[in-house]
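Okay, thanks for having me, everyone. Let me put the model up on the screen.

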Amino acid sequence: MWKTILRRILLMIPQIIILSLLVFFVAKLMPGDPFSGKINPNTDPKTIEALKHQLGLYDPPLVQYGHWVQNIFRGDFGQSYTYNRPVLGLIGERAANTFWLGLLTAVLTYTVAIPLGLIAGKNEGKWPDRVIAFYNFVVNSVPPFAIYLIFLILFSFILKIFPSTGTVSASAHGFVQIFFSRIYHMILPAIAMMLSGTTAIVQYLRSGIIDNTKEDYVRTARAKGVPEKVIFRKHILRNAFLPIASSLGGTITGLLSGAIVAESIFSYPGMGQLFLQSVNSRDYSVMITLTLLFGILTLLGNLLSDIIMSIVDPRIRIQ
Amino acid sequence: MDKEKDNVLLEIEHLRTAFRINGKFYNAVDDCSLTLRKNEIYAIVGESGCGKSTLATSIVGLLDPLNSKVKGSIKYRGQELVDLNADEYDKIRGENIGMIFQDPLSALNPLMRVGDQITEALYYHTKDSEAERKKKALELLKRVGIPDPEGTFRRYPHELSGGMRQRIIISIAVACSPEIIIADEPTTALDVTIQAQIIDLLKDIQKEKESGIIFITHDLGVVAEIADRVGVMYAGQLVEIGSVFDIFEDPKHPYTRSLLNSIPQAGELGDRLHVIQGNVPPLSEMKRSGCRFAPRIPWIPASAHEENPSYHQVGDGHYVLCTCYQTFHFQEEK
């Protein structure tokens, strides 16, 4: 198994190289440059041209790519034009914020979705199932960004229960205060992101329970005289959790793409917000590094999915 | 008399099992009575949809209680099973009545090791320790002809062939040495060579444990090979009951005759295959009075059928439903 995992990781290298090429050239193809709209229009065009030359923006793309790769191997992911500081430190800071937000969202998602799925599956067609189906229907029909906006307006601006920006209040001191202040800042975006994350899990679990209850091996277990409660736990539930286990790795991707919008709307300084800003301001090195990072995380998420599947489902063995 | 009573394992009387279709209940098994004795293999034959499997599932109480109703009486050694609640049934299922299912590919839990699925049956019916359960399971695997019991114990179902899996299912069904085994088309999903092996295995186990088997099948070849007594089922009713000799050598009911006629014979190469006209009517459209087979033998005059068909004894332990059997042989195949 370890050999397989190592091989899969090695196989990711060519994928990452192709991804980096794509990302780099697509970024360069975008109209505009780091100075568009950002610089005093009265500046002497010659100065701007000189700056562009200095930054290497007129070099042939392949040469630029070469420089970029060379620098990466030296641990230099470039400078952020907007923030005027090394990309690595900037992303590192933001990554921690996104990590904690993602973790909280994931924990919330599973703690809400699993009981809902269980209740719906066990009460197929009865009122608890219908209520949950209605919840799923509503949450699924409202686009996530709209949910974020509604939450922001309702809870931050109208009810003023939660802060609308930032990760921690300036007045917090000491570990405990900072810890709670951080959670307080994260909770609104986390709940908003959680909502759209739950629907698929609820649906998987619900139909998993309903389908597995009708399976022949459940009938076999009944014919053995196994009590119904044990059948549910040992035979039905375990099998119903399979699709959820396999989607675990995919949640990384889901959380990242959710973070891009959510962090921007909730002004939460994480990678997602940084990514959108970098695209808007043509902050190439930030944008490219982040895209590459998201790509690598997605690949790792897929690998993680496969590993989890091979652990929980004996029929699947990665080789 | 007492000995006779001792021999009776299962007594089914006037069993009616109904399913809910669009809010109405329809009998899939309609007034079936049969007696299963020790050391006896009782085969139930009939076309698809005639109620064979429903009969089997009713006996072990595995029908969905919301959408089905069981009426009449099913007595296991004098104990009424129809009124049992789920917990009480759990004690009988597996311990006194074992069940073998049709499709060995789906009847085992894909996520559980084979060994655990066998010991699970023992766990709920014996006081054995884990080591004893494992020992018993290994013996069972050996008994059902699994070549490598130790290795197979740790395997998952998908690592085994269909025949092997059916052997595992048999070992689960007989794990607690039940007196009654209900086999619902146990060989249908297997290829012919494996079928023969499984049938031999079932016969051996039946002899060894002196159990009674209710063997559900649509395959008359299998019936001839395995059964002592045969019940021919049509549209939820047993239309003819008799020993395997009665049924094959002296079939009375037109349905039984048609079924036997439908078996292709080796000498008839090139001839048209015999088919029984029409189909088993769907539950909701089945007529509930008179002879139910009448619409499929239209050449027999209505006067030949009874209004309320009853059983007629035509030999020792040989019964036929409806009087139409008397006229049938004159007009066969017109």
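This is a predicted model: local features need pLDDT of at least 70, side-chain atom pairs count only at pLDDT 80 or more; totals for chains, interfaces and linings use all residues.

Residues are numbered from 1 along each chain as its sequence is written, and chains are lettered from A and ligands numbered from 1 in the order in which they are written.

So, chain A. We've got 12 helices and 2 strands, where helices (H or I, at least four residues) and strands (E, at least two) are DSSP runs, numbered from the N terminus. Reading from the N terminus, the order is α-α-α-β-β-α-α-α-α-α-α-α-α-α. The C-alpha atoms fill a box of roughly 85 × 55 × 40 Å along the principal axes.

How much of chain A is buried? Buried residues come to 32% of the 319. Here buried means 20 or more other C-beta atoms within 10 Å of a residue's own, exposed means 12 or fewer, partly exposed is in between, and C-beta atoms are placed from the backbone. As for contacts (C-beta atoms, placed from the backbone, within 7 Å), take those in chain A with a separation of 6 or more: 71% of them join residues 24 or more positions apart.

Now look at helix H1 of chain A, residues 2–29. Its 28 residues should span 40 Å at 1.5 Å a residue, and the end C-alpha atoms are 41 Å apart, which agrees; the expected span is 1.5 Å times one less than the number of residues. The number buried in H1(A) is 2 of the 28, so this helix lies largely in the open.

On to packing. Helix H4 (residues 87–122) and H5, both in chain A, have axes that come within 7 Å and cross at roughly 135°. That makes H4(A) oblique to H5(A). For the record, axes are lines fitted to C-alpha atoms, for helices over the stretch in contact, with angles from 0 to 180 degrees between N-to-C directions. Under 35 degrees is roughly parallel, over 145 roughly antiparallel, 65 to 115 roughly perpendicular, and the rest oblique. On the H4(A) side you'll find A:Leu116, A:Ile119 and A:Ala120, touching A:Pro128, A:Asp129, A:Ile132 and A:Ala133 of H5(A).

H5(A), residues 127–141, also packs on H7(A), residues 174–213, again at about 135°, with axes 9 Å apart. There, A:Ile132, A:Asn136, A:Val139 and A:Asn140 meet A:Leu195, A:Ser196, A:Thr199, A:Val202 and A:Gln203. Notice A:Ile132 sits in the H4(A) contact and in the H7(A) one.

With 13 other C-beta atoms within 10 Å, A:Leu103 is partly exposed.

Last bit, the interface. Chain B puts 24 residues in contact with 18 residues of chain A. H3 (86–92) and H4 (114–125) of chain B each supply at least two residues of that side, and H4(B) gives the largest share, 4 residues. And that's me done; questions?

Conventions. Two residues are in contact if their C-beta atoms, placed from the backbone, lie within 7 Å.
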